[in-house]
Amino acid sequence: MLNKNLENALNKQINAEFWSAYLYLSMSTHFASEGLNGAANWFKIQFKEEQDHALKIIDYVISREGRVELAPIDKVSTKWESLLAAFLDTLEHEKVVTARIHEIVGIAREEKDFATENMLQWFVNEQVEEEETAQKIIDALKLIGNNGIGIYLIDKELGKRT
Ligand code: FEO
């Protein structure tokens, strides 16, 4: 049985993962409208991954006989002035998610809930990967600046994500 404190924290995280999904879907639709179809593809895959993250926690809460409470999803931005702006937002957001995950790991430790701590380890590792990926794309976009050919090529690269 899941401790109430942890159940609440995991429910908040489920909502945060869905909010992340919504944010990346918004980025995807924005760049599709701007004709950057590679970026639209990249963010659409990110949208799907975030839903998987939420489902992973949902399944876990249920497996521990906890109660899943789906809360409303807050509004997200709908426009970005450039690809760089969107990836800077992505990195900033992922850092917030990392801090939240670490906080829940802390609660699991306090409660001596080793199963939850173990489940969260997957998310700890995933966040390292997500921050690193966003940072690498930011570095490339900073090098490119406003160079049209560079943007065209990076968009093609982003379109290869499956
Ligand atoms: Fe589910 Fe991007 O963290």
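I take exposed to mean over 50% relative accessible area, and buried under 20%. The model I am reading is predicted.

**Entry: Lys-136 and Glu-132**
I looked up Lys-136 first. Its relative accessibility is 54%, so I count Lys-136 as exposed. Its salt-bridge partner is Glu-132, with the closest N and O atoms 3.3 Å apart. Glu-132 is partly exposed, at 43% relative accessible area. I find both residues in helix 4 (residues 114–144), four residues apart, about one turn of the helix.

**Entry: Glu-7 and Lys-4**
I then turned to helix 1. Here Glu-7 and Lys-4 are three residues apart, which means a separation of about one helical turn. Their side chains form a salt bridge, 2.4 Å from N to O. I note that Glu-7 is buried, with 5% relative accessible area, whereas Lys-4 is exposed at 55%.

**Entry: Arg-109 and Glu-117**
I logged another salt bridge between Arg-109 and Glu-117, with 2.8 Å between the closest N and O atoms. Glu-117 has 16% relative accessibility, so I call Glu-117 buried. My tally for the structure is six salt bridges.

**Entry: Glu-17**
Which side chain of opposite charge is nearest to Glu-17? I found Arg-100, 8.3 Å away. Glu-17 is buried and has no salt bridge. I place Glu-17 in helix 1 (residues 4–33). Leaving aside neighbours within four places in sequence, its contacts include Glu-50, His-53, Val-97 and Phe-123.

**Entry: a surface patch**
Last, I checked the surface. I see a nonpolar patch of Ile-149, Tyr-152 and Leu-153, with about 350 Å² of accessible area together. Tyr-152 sits in helix 5 (residues 148–158).

Definitions and conventions. Residues numbered from 1 in each chain as written. Predicted model: local features only at pLDDT ≥ 70, side-chain atom pairs only at ≥ 80, totals over all residues. Heavy atoms only, no water. Helix = DSSP H or I, 4+ residues; strand = E, 2+ residues; numbered from the N terminus. Buried < 20%, exposed > 50% of the residue type's maximum accessible area, 1.4 Å probe, protein only. Lys, Arg positive; Asp, Glu negative; His and termini not counted. Salt bridge = Lys/Arg side-chain N within 4 Å of Asp/Glu carboxyl O. Contact = heavy atoms within 4.5 Å. Patch = residues over 30% accessible without salt bridge, like charges linked within 9 Å, V, L, I, M, F, W, Y side chains within 5 Å. Areas by Shrake-Rupley, 256 points an atom, 1.4 Å probe, with all protein chains shown as cover.
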